[in-house]
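Please walk through this structure one feature at a time. Keep the sequence beside the model as you read.

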Amino acid sequence: MRIAILGGGVAGLACAHYMARDGHTPIVLEPSGALGQLGAPIVHEGLRIDRFSSALRNTDTALCGLLADLGGLGRVAWRPTRSAISMDGVFYPVSTPSDL
């Protein structure tokens, strides 16, 4: 059975994977021309900036399970992450609960 999936983000691609695994023919419809989280990145002066950031954490068991199913979990490089917000030209860390 052919099944249309709207959106080529993580949820749409995961859905397509499970549909294909069950013998269906998924067709992913993504208007941006780029697959992945929230479409194509912004590129400014050679620097690639994701439209929105959502770090993969090793506690995200469902997503890590999907990556393992696809054979990609061993390719993930686990690194500490840091985040900050800017207000009036000053950056404030928001990486830990104590930062908030």
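**A guided look at the model**

One salt bridge turns up when the whole structure is searched. The model is a predicted one, so read every value here as computed from that prediction. The bridge pairs Asp69 with Arg21. Their closest N and O atoms are 3.2 Å apart. Asp69 belongs to helix 2, which covers residues 61-70. Arg21 belongs to helix 1, residues 10-21. The two partners are 48 residues apart, and the pair links distant parts of the chain. Side chains of opposite charge can pair when their charged atoms come close. Is Asp69 buried, exposed or partly exposed? Asp69 has a relative accessibility of 39%, so this residue counts as partly exposed. Buried would require a value under 20%, and exposed a value over 50%.

Now find Pro26. Gly12 and Pro26 are 14 residues apart in sequence. From C-alpha to C-alpha, the distance between Gly12 and Pro26 is 9.9 Å.

Next, turn to the surface. Ile85, Met87, Val90 and Tyr92 form a nonpolar patch there. Together these residues have about 350 Å² of accessible area. Which strands supply the patch? Strand 5 (84-87) and strand 6 (90-93) each give at least two of its residues. Take Val90 as one example. Val90 sits in strand 6. Its relative accessible area is 37%, so Val90 is partly exposed. A residue needs over 30% relative accessible area to join a patch, so Val90 at 37% passes that cut-off.

Between these two strands runs a loop, and Asp88 is found in it. Asp88 is not a glycine, yet its phi is positive, at about 55 degrees. Asp88 has a relative accessible area of 82%, so it is exposed.

A second residue has a positive phi. Glu45 is not a glycine either, and its phi is about 50 degrees. Where is Glu45 found? Look in the loop between strand 3 (42-44) and strand 4 (47-49). Glu45 is exposed, with a relative accessible area of 77%.

Now consider empty space. Rolling a probe the size of a water molecule over the atoms shows where such space is left. The second largest pocket has a volume of about 180 Å³. Its lining comes from two stretches of numbering. Ala55, Leu56, Arg57 and Asn58 are among the lining residues. Val76, Ala77, Trp78, Arg79, Pro80 and Thr81 also line the pocket. What classes of residue make up this lining? Six residues are nonpolar, two are polar and two are charged.

Pro97 is placed in the segment after strand 6. At 75% relative accessibility, Pro97 counts as exposed. The C-alpha atoms of Pro97 and Asn58 are separated by 18 Å. Along the chain, Pro97 and Asn58 are 39 residues apart.

Ser98 also lies in the segment after strand 6. Its relative accessibility is 68%, and Ser98 counts as exposed.

Technical notes. Residues numbered from 1 in each chain as written. Predicted model: local features only at pLDDT ≥ 70, side-chain atom pairs only at ≥ 80, totals over all residues. Heavy atoms only, no water. 1 Å grid on protein atoms, 1.4 Å probe; cavity = no way out; pocket = protein on both sides within 12 Å on 5 of 7 lines; lining within 4 Å. Points joined across faces, edges and corners; volume = space filled by probe spheres on them. Nonpolar A, V, L, I, M, F, W, Y, C, P; charged D, E, K, R; others polar. Salt bridge = Lys/Arg side-chain N within 4 Å of Asp/Glu carboxyl O. Helix = DSSP H or I, 4+ residues; strand = E, 2+ residues; numbered from the N terminus. Buried < 20%, exposed > 50% of the residue type's maximum accessible area, 1.4 Å probe, protein only. Patch = residues over 30% accessible without salt bridge, like charges linked within 9 Å, V, L, I, M, F, W, Y side chains within 5 Å. Areas by Shrake-Rupley, 256 points an atom, 1.4 Å probe, with all protein chains shown as cover.
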